[in-house]
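Q: I have a chain open here and would like to go through it with you, a few residues at a time. Could you keep to what can be read from the model?

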Amino acid sequence: METQMELLSSVKCFGGDQRRYRHRSNVLDCEMTVSVYLPPQAAQGPVPAVWFLAGLTCTDENFVIKAGAQRYAAELGLAIICPDTSPRGEGVADDEAYDLGQGAGFYLNATREPWAKHFQMWDYVTAELPALVAEACPLDMQRQSIMGHSMGGHGALTIGLTHPDRFAAISAFAPIVAPMQVPWGIKAFTTYLGDDQSAWAAHDACQLLANSDAALPPILIDQGLADNFLAEQLRPELLEAEIDGRDITVRRQAGYDHSYFFIASFVGEHLAWHRQQLDR
């Protein structure tokens with residue numbers, strides 16, 4: 001099958017290739033971009049894939065440019081797939097607030113208008129995009145893991161917990177772990193999904209943990225203690241209350257905030273941990 005991905009750029013980076021693609025998304029009904037780092041090992045054959053889901057206001061390029069992850073991915077032989085955070089473009093619904101609309105897809109399928117036409121990020125990230133990147137790049141899709149930051153940490157947790165057989169591991173930086181109980185999540189869920197909180201629960205990591213007795217992938221979370229959003233929006237203690245003997249580690253890092261300086265400080269540890277889980 002001929003790929004639907006248009007290669008926009010490919011830049012040599014630590015012996016591998018930092019690529020950016022554009023494609024038409026049937027699910028989102030718009031043009032989308034995605035960034036993929038391929039380590040040097042990909043020249044010899046398919047490599048394991050780590051998904052990185054970015055946070056509010058970000059695109060597919062924030063992690064690529066700011067996190068410094070390529071050095072570690074090259075050493076570990078890991079591809080990194082970075083989707084955009086929402087549908088975009090003329091005719092796509094938007095909002096003046098930074099935490100709704102374009103740049104704020106929350107990795108769910110919206111059911112309310114005007115959002116439902118385009119904001120189907122759950123299906124895009126879990127179904128449409130994996131097939132496209134697998135066709136375009138030498139990826140071992142039998143070995144995948146997922147990670148994210150803030151809103152993207154929320155997405156990594158909910159997608160990973162819902163698809164435990166697909167992902168060997170889940171990690172997150174400063175994730176929204178209980179969106180049903182914090183302002184960011186309540187605003188987004190009400191706007192995109194309406195008032196029925198039973199629909200919200202499928203996109204709340206704490207609810208998914210509370211209601212699951214299945215075997216789940218190991219989870220690693222780092223949270224900075226100087227994060228301005230910690231007390232009101234992130235609340236890692238709510239997820240810790242649901243650990244219940246599972247392989248979940250929550251680390252608090254003194255002095256670190258919500259920025260990509262925080263991510264860059266620990267992304268090497270996260271990727272090495274993902275590699276260990278992928279090799280099991």
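**A walk through the chain**

Q: Let's start with alanine 43: buried or exposed?
A: Alanine 43 counts as exposed, since its relative accessibility is 69%; here exposed means over 50% relative accessible area, buried means under 20%, and partly exposed is what lies in between, with a 1.4 Å probe and protein chains only.

Q: Before we go on, what sort of model is this, and what are the ground rules?
A: This is a predicted model, in which local features need pLDDT of at least 70 and side-chain atom pairs count only at pLDDT 80 or more, while totals for chains, interfaces and linings use all residues. Residues are numbered from 1 along each chain as its sequence is written, and side-chain values use heavy atoms, with hydrogens and water left out.

Q: Back to alanine 43, then: where does it sit, and how far in space is it from proline 138?
A: Alanine 43 belongs to the loop that runs between β3 (30-38) and β4 (47-53), where strands are DSSP runs of E with at least two residues and helices are runs of H or I with at least four, numbered from the N terminus. From alanine 43 to proline 138 the C-alpha distance is 8.1 Å, although 95 residues separate them in sequence.

Q: Zooming out, how many helices and strands are there, and does the overall size agree or disagree with a compact globule?
A: There are 10 helices and nine strands in the chain. The radius of gyration is 17 Å, which agrees with the value near 19 Å that a compact globule of 280 residues would have; that radius is taken over C-alpha atoms, and the globule rule is 2.2 Å times the number of residues to the power 0.38. Along the principal axes, the C-alpha atoms fill a box of roughly 50 × 45 × 35 Å.

Q: What share of the residues is buried, and what about charges?
A: Of the 280 residues, 59% count as buried. The chain carries 35 negative and 19 positive side chains, and 5 Å separates the centres of the two sets; Lys and Arg are the positive ones and Asp and Glu the negative ones, with His and the chain ends not counted, and each charge is placed at NZ of Lys, CZ of Arg, CG of Asp or CD of Glu.

Q: Now the aromatics: how many pairs are there?
A: The structure holds 10 aromatic pairs, which means rings of Phe, Tyr and Trp (its six-membered ring) with centres within 6.5 Å, where planes under 30 degrees apart count as stacked, over 60 as edge-to-face and the rest as tilted. In one of them, the rings of phenylalanine 173 and phenylalanine 262 are 5.8 Å apart at their centres with an angle of 85° between their planes, so this pair is edge-to-face. Since phenylalanine 173 is in strand β7 (residues 167-173) and phenylalanine 262 in helix α10 (residues 260-278), the pair ties together parts 89 residues apart in sequence. Both phenylalanine 173 and phenylalanine 262 are buried.

Q: And what is the geometry of tryptophan 184 with phenylalanine 229?
A: Tryptophan 184 and phenylalanine 229 make a tilted pair, at 4.7 Å between centres and 45° between planes. Tryptophan 184 is in helix α5 (residues 183-193) and phenylalanine 229 is in the loop between β8 (219-224) and α8 (230-234), so parts 45 residues apart in sequence are tied together. Tryptophan 184 is buried at 3% relative accessible area, whereas phenylalanine 229 counts as partly exposed at 29%.

Q: Which residues does glycine 153 touch?
A: Glycine 153 is found in helix α4 (residues 151-162) and is buried, at 0% relative accessibility. Beyond its neighbours within four places in sequence, glycine 153 is in contact (heavy atoms within 4.5 Å) with Leu53, Gly148, Ala172 and Pro175.

Q: Last topic, the backbone: where is the cis peptide bond?
A: The cis bond joins glutamate 113 and proline 114, with omega at about 5°, and proline 114 is in the loop between β5 (79-83) and α3 (121-136). Arginine 235, which is not glycine, has a positive phi near 50° and is partly exposed at 25% relative accessible area.
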